Amino acid sequence: MRQLRDSSPGEYRFGTATTVAGVNDVLAAVQAVLPSVRADLEDLIRIESVWADPARRVEVVRSAEAVAGLLTAAGFPDVEVVAAGGAPAVIARYPAPPGAPTVLLYAHHDVQPEGDPAQWISPPFEPTEKDGRLYGRGSADDKAGIACHLAAMRAFGGHPPVGVTVFVEGEEESGSPTLRALLTAHREALAADVIVIADSGNWSTELPALTVSLRGLADCVVEVSTLEKGLHSGIWGGVVPDALAVLVRLLASLHDDDGNVAIAGLYEPPAATDLDIPGEQVRAEAGLLPGVTQVGSGTVPQRLWHKPSITVIGIDTTGVDAASNTLIPSARAKISLRVAPGGDPAAHLAALRAHLESHAPWGARVRVVDGEVGAPYAIDATGPVYDAARAATESAWGVAPVDMGMGGSIPFIAEFAAAFPDATILVTGPEDPASAAHSINESLDLGVLEKAAGTEALLLAALAPACG
Ligand code: BES
Ligand code: MN
């Protein structure tokens, strides 16, 4: 079971799928199972597995059961739905043939809330194909990850040449609060030589990527107060400050005039990529309105992958419809900070707190309530498993992958790394820049689904011990 780690790159022998015939057989097998995989993906999209919505937690239970059923039917002899006080997760195991390593395939079956259904081109939980893309909440993030794992298993007729453990979590979009407990409770079942996290994406639908870094997260709620009670804005306005005026000034202090984060003490690693994204592409993919400029300095990848960013993600105050001529006595905002790889999220949260406590005007009272922190991750993407992954990707896509960072966060990667320090972690996935994860009209490119599934199946074949 330890042979991958123990063999030096020189000794490592690739498996059968590296011959041209082997590669083509595996890709043909993936192609053959794809229609059934797609149908199952569509059924999963129909389940509204929004763990963040208490009313729909029962749907998350239903989706765990559906995933367990699909994995059982795909040939896993040992499938269980497990929980550690949080959302149900699924663990499916196919034991390693003698001498073969075990590969853990991760995905999550919970999804983000759908937002305003009226803004979708099709109902969010009704899978709909348009121009080669499958639309629906979770179509990409991350039910497509589950689809890739199903495709890989089915391509081998339920008998892959390595041990395969599929782990499908149900609360990733809520910050994986019980993942550590699950890893502890099921340590033996989840132990693996290689961990494939299929929850990321590619440079484009034509150019694959391996994700080599992700940002971390820190968030907090800041509340500002200026008055004991609301007051008539004509009787007192211009003499005493209202809390909303304080809050908007405080929030404005988080950025400098160029849109760079203006908090002292945040970590910024040196830039490490030659890649860039043209301004027009950013405008098109992000939906930037005409005349609105980008913020921050540096190349786009530098800003997204190697710098912190800060976003006000919610405000509680009097709504416009309820507004009256009143000085608002207190107001609060939730602030989310992305942490560059190498940064310490707890230290970043402390820096954010210090900034908020020292930048409110007019002596206003400021109270900061710390929220969640999530670790960033930078991967050493070298060694025999990475060589095999790059070869598998190139065979499935017809072009070698680029290494890319991601601005998003998968904090539990650090927890996997701590729990299984000897395992090689690969971060891959079926998304592309048009997937619009977390946004309206989330979609999956069906060509990428086939290529991502093909890559995964080829990787399993390549990790099998070479015969002869
Ligand atoms: N799949 C994303 C992370 C991601 C985003 C990877 C973009 C690659 C590109 C994941 O589901 C996610 O959204 N994570 C949250 C983390 C949080 C809830 C702790 C995020 O990044 O906000
Ligand atoms: Mn995800």
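Helices here are DSSP runs of H or I with at least four residues, numbered from the N terminus. By that rule Thr184 belongs to helix 5, residues 179-185. The model is predicted. A manganese ion (ligand 2) is held by His108, Asp141 and Asp199. The structure has 22 salt bridges and zero disulfides.

**Manganese site**
- Asp141 and Asp199 are 58 residues apart and link distant parts of the chain.
- Asp141 sits in the loop between strand 5 (133-135) and helix 4 (143-155), while Asp199 sits in the loop between strand 7 (194-198) and strand 8 (209-214).
- Asp141 is buried, because its relative accessible area is 7%.
- Asp199 is also buried, at 9%.
- Six donor atoms surround the manganese ion (ligand 2), and their angles run from 51 to 161°, so the arrangement is irregular.
- Ideal angles for six octahedral donors are 90 or 180 degrees.

**Salt bridges**
- Arg353 pairs with Asp370, with the closest N and O atoms 3.1 Å apart.
- That pair links helix 10 (residues 345-358), which holds Arg353, to strand 14 (residues 365-374), which holds Asp370.
- Arg353 is partly exposed at 25%, and Asp370 is partly exposed at 41%.
- Glu48, Asp53, Arg56 and Glu114 are joined into one network by salt bridges that share partners.
- Within it, Arg56 and Asp53 meet at 2.8 Å, N to O.
- Arg56 is buried at 14%, whereas Asp53 is partly exposed at 24%.
- Arg93 and Asp78 form a salt bridge at 3.8 Å.
- Arg93 lies in strand 2 (residues 89-94) and Asp78 in strand 1 (residues 78-82), so this bridge ties together parts 15 residues apart in sequence.
- Arg93 is partly exposed at 32%, as is Asp78 at 33%.

**Cysteines**
- A search of the whole structure finds zero disulfides.
- Cys148 is buried, with 2% relative accessibility.
- Cys220 is buried, with 1%.

**Surface and helix 5**
- Ile235, Trp236 and Val239 make a nonpolar surface patch of about 340 Å².
- Ile235 lies in the loop between strand 10 (231-232) and helix 7 (243-252).
- Ile235 counts as exposed because its relative accessible area is 61%.
- Thr184 is exposed too, at 58%.
- Thr184 and Ala419 are 235 residues apart in sequence, yet 8.0 Å apart in space, C-alpha to C-alpha.

Notes:
Residues are numbered from 1 along each chain as its sequence is written. Chains are lettered from A and ligands numbered from 1 in the order in which they are written. This is a predicted model: local features need pLDDT of at least 70, side-chain atom pairs count only at pLDDT 80 or more; totals for chains, interfaces and linings use all residues. Side-chain values use heavy atoms; hydrogens and water are left out. Patches are made of residues with over 30% relative accessible area and no salt bridge: like charges are joined within 9 Å, nonpolar side chains (Val, Leu, Ile, Met, Phe, Trp, Tyr) within 5 Å. Accessible areas come from the Shrake-Rupley method with a 1.4 Å probe; for residues, only the protein chains shown count as cover. A salt bridge is a side-chain nitrogen of Lys or Arg within 4 Å of a carboxyl oxygen of Asp or Glu. Helices (H or I, at least four residues) and strands (E, at least two) are DSSP runs, numbered from the N terminus. Buried means under 20% relative accessible area, exposed over 50%, partly exposed in between (1.4 Å probe, protein chains only). Donors are N, O and S atoms within 2.8 Å of the metal (3.2 Å for Na, K and Ca); water is not among the atoms, so sites may look incomplete. Four donors count as tetrahedral if all angles lie between 85 and 135 degrees; four count as square planar and six as octahedral if opposite donors are over 155 degrees apart and all others between 65 and 115; anything else is irregular. A disulfide is a pair of cysteine sulfur atoms within 2.5 Å.
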